[in-house]
Amino acid sequence: MVLKIGVIGTGAIGQDHIRRITSTLTSGKIVAVTDVNKEQAKAIVNNLSLDAKVYDDGHELIQAEEVEAVVVTSWGPTHEEFVLSSIAAGKPVFCEKPLATTAEGCKRIVDAEIAFGKPLVQVGYMRRYDKGYRVLKNVIDSGKIGEALMVHCAHRNPSVPDNYTGDMAITDSFVHEIDVLRWLLNDDYVSVQVILPRNTRLAAQGLQDPHIILLETVQGIRIDVEVFVNCQYGYDIQCQVVGETGIANLPEPSSIVLRSEAKLSTEILVDWKERFIDSYDVELQEWISSTLKGEVNGPTAWDGYVAAMTSDACVEAKRTGNIISIAMGERPEFYTKESAVVEVT
Ligand code: NAP
């Protein structure tokens, strides 16, 4: 069986996903594409020799008879309308993060999906598909380190582009920790505090960097995350879970251990795309397989809503300096299915 997919947005990640679905993964076929820059969409079709129709607009693509499932990789502010339109058409949709740019927008999607009555939406939080995070989750779930008590994390980028401004350290970078940590711990957040250390001189004018973000969970687990996006030395994601009887660390990406010139060294990645490249493959392959079975087994619209609510609370905590409560409300019955058992191969 092959899933016939339409892609809305053929920018950087849209092109990556089209390539992986076409050349690396199985059981998926790109049959339709669209972008506000139609010439760009046409160029992808031609360059990859795709047997795919180029549509004028995302809604038209969603309605197209040959499109069985939709991938939304357009600009963030357009995500909500395309996901709502896919739900209205009854078509499964994989939406890159953010699900919507506001928590209210995410909630409208949650309400629409529940009203439709069948899970259709998956959000592109790919860290859940990273081999290292999956091994770490298996260790926590096995009980080998007892109950988790504390988590120490770091999210470091060597530098960020000029268009990385305002609160993007929270809304664009830290949002990945927001999603992956509650999945890792099978928990939810109740409050957040943001501490602003001395600013690095190497950040752009007006950009706060670094941040320390402190989260508390329903079970009382304390999480501290350093978000430092001009650290210069590399792209470095750290996560250490302290349990009652042991400590589990996220594995380092594999690298040659080099003995040379009287030094023992390993390389540190500098590009975030390299760090999670395999995760994107696993994420999209599992989405295709689940969709063909009529299931959603990845991050749901509810997870997208939780990420938006938590991210909003972090921004408020940063602005006010206060500890901010995160009042999510009860997770609807519709979303209570536990995600599939994680297999590490
Ligand atoms: P990008 O290169 O700017 O691509 C977005 C594309 O969507 C552009 O070609 C843009 O056209 C097009 N577009 C905008 N409005 C549209 C509309 N109404 N209909 C159709 N196409 C439209 O951005 P990107 O880096 O690929 O990011 C896209 C999304 O993926 C963002 O939400 C981003 O947060 C997310 N993302 C997620 C990850 C992850 O790790 N999960 C990584 C990267 C990106 P114009 O350029 O002409 O406006």
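**A walk from a loop to a ring cluster**

Let's start at S27, which is found in the loop between α1 and β2 (28-34). The names of such elements come from DSSP runs, numbered from the N terminus: helices are H or I runs of at least four residues, and strands are E runs of at least two. What you see is a predicted model, in which local features need pLDDT of at least 70 and side-chain atom pairs count only at pLDDT 80 or more, while totals for chains, interfaces and linings use all residues. Residues are numbered from 1 along each chain as its sequence is written, and side-chain values use heavy atoms, with hydrogens and water left out.

Back to S27: its phi is positive, about 70°, although S27 is not a glycine. S27 counts as partly exposed because its relative accessibility is 30%; buried means under 20% relative accessible area, exposed means over 50%, and partly exposed is in between (1.4 Å probe, protein chains only). Q232 also has a positive phi, near 75°, and is a residue other than glycine. You will find Q232 in the loop between β10 (222-228) and β11 (236-243), and with a relative accessible area of 45% it is partly exposed.

Two other loops hold a cis peptide bond. The bond from K97 to P98 is cis, with omega near 0°, and P98 lies in the loop between β5 (93-96) and α5 (103-116). The bond from D209 to P210 is cis too, with omega near 5°; P210 sits in the loop between β8 (189-195) and β9 (211-217).

Now turn to the ligand. How many residues surround the ligand? There are 24, and the closest are A12, I13, D35, E96 and Y280; a residue belongs here if one of its heavy atoms lies within 4 Å of the ligand. This shell divides into ten nonpolar, eleven polar and three charged residues. In that count, Ala, Val, Leu, Ile, Met, Phe, Trp, Tyr, Cys and Pro are nonpolar, Asp, Glu, Lys and Arg are charged, and the others, Gly among them, are polar. An oxygen atom of the ligand is 2.8 Å from an N or O atom in the side chain of D35, and a nitrogen atom of the ligand lies 3.3 Å from a backbone N or O atom of V36. Of the 910 Å² of accessible area that the ligand has on its own, the protein covers 72% (Shrake-Rupley method, 1.4 Å probe).

Our last stop is helix α10 (residues 301-320), which holds D303. D303 is buried, because its relative accessible area is 8%. Leaving aside residues up to four places away in sequence, D303 touches R128, D179, R182 and G298, where contact means heavy atoms within 4.5 Å.

Helix α10 also holds W302 and Y305, three residues apart, about one turn of the helix. W302 is buried, with a relative accessible area of 3%. W302 and Y335 form a stacked aromatic pair, 6.4 Å centre to centre with 25° between the planes. Rings of Phe, Tyr and Trp (its six-membered ring) pair if their centres lie within 6.5 Å; planes under 30 degrees apart count as stacked, over 60 as edge-to-face and the rest as tilted. Because W302 lies in helix α10 and Y335 in the segment after β15 (324-325), this pair ties together parts that are 33 residues apart in sequence. Finally, ring pairs link W302, Y305, F334 and Y335 into a cluster.

Conventions: Polar contact = N/O pair within 3.5 Å; in protein donor to acceptor, adjacent residues only side chain to side chain.
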